[in-house]
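This report sets out the fold, the core and the ligand surroundings of the structure shown below.

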Amino acid sequence: MAKRAYEISIDETLCRSCAVCWEICAPDVLGFQPPLNKAIVLTQTDCTGCRLCEWLCPDWAIVVRPLASEVAA
Ligand code: SF4
Ligand code: SF4
């Protein structure tokens with residue numbers, strides 16, 4: 001059994017540390033890096049590709065793309 005893998009790109013120059021993305025991400029893929037609390041990717045392999053972070057980021061700082069390769073479940 002395999003699941004699709006996703007690439008998550010965060011543009012830290014656009015991120016304003018609002019917390020929307022890591023609060024909305026159910027599998028806790030996203031977190032933040034002190035002291036500026038910019039969004040970071042913690043566990044990319046847990047990403048379900050729901051794209052809620054991309055859609056809800058008020059500053060369009062996140063892009064989620066499916067990768068061609070798949071990872072083992
Ligand atoms: S939702 Fe966007 S602006 Fe807010 S913390 Fe996440 S990446 Fe930064
Ligand atoms: S696409 Fe969904 S699961 Fe992946 S990082 Fe964004 S909110 Fe989390």
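## Fold and overall dimensions

Along the sequence, the protein chain runs in the order β-α-β-β-α-β, giving two helices and four strands; helices (H or I, at least four residues) and strands (E, at least two) are DSSP runs, numbered from the N terminus. The model is predicted: local features need pLDDT of at least 70 and side-chain atom pairs count only at pLDDT 80 or more, whereas totals for chains, interfaces and linings use all residues. Residues are numbered from 1 along each chain as its sequence is written, and chains are lettered from A and ligands numbered from 1 in the order in which they are written.

Along the principal axes, the C-alpha atoms fill a box of roughly 40 × 20 × 15 Å. Among contacts (C-beta atoms, placed from the backbone, within 7 Å) between residues at least 6 apart in sequence, 58% join residues at least 24 apart.

## Strand pairing

Strand 2 pairs with strand 3 (residues 38–41) in the antiparallel sense over four bridges, where pairing requires at least two DSSP bridges. Leu 30 stands opposite Val 41 in strand 3. Four residues lie between the strands of this hairpin, in which Asn 37 takes a positive phi near 60 degrees.

## Burial and core

Buried residues make up 18% of the 73 residues. A residue is buried if 20 or more other C-beta atoms, placed from the backbone, lie within 10 Å of its own, exposed if 12 or fewer, and partly exposed in between. Ala 26, in the loop between helix 1 (20–24) and strand 2 (30–33), is exposed because 9 other C-beta atoms lie within 10 Å.

The largest nonpolar core has 13 residues; among those touching the most other members are Leu 30, Ala 39 and Cys 53. Such a core is a set of buried Ala, Val, Leu, Ile, Met, Phe, Trp, Tyr and Cys residues joined through C-beta atoms within 7 Å. Not counting residues up to four places away in sequence, Cys 53 touches Cys 21, Ile 24, Cys 25, Leu 30, Ile 62 and Val 64.

## Ligand surroundings

Of the 13 residues around ligand 1, Cys 15, Cys 18, Cys 21, Ala 39 and Cys 57 come nearest; of the 14 around ligand 2, Cys 25, Val 29, Cys 47, Cys 50 and Cys 53 do. A residue is counted if its C-beta atom, placed from the backbone, lies within 6 Å of the molecule.

Definitions and conventions
Contact = placed C-beta atoms within 7 Å.
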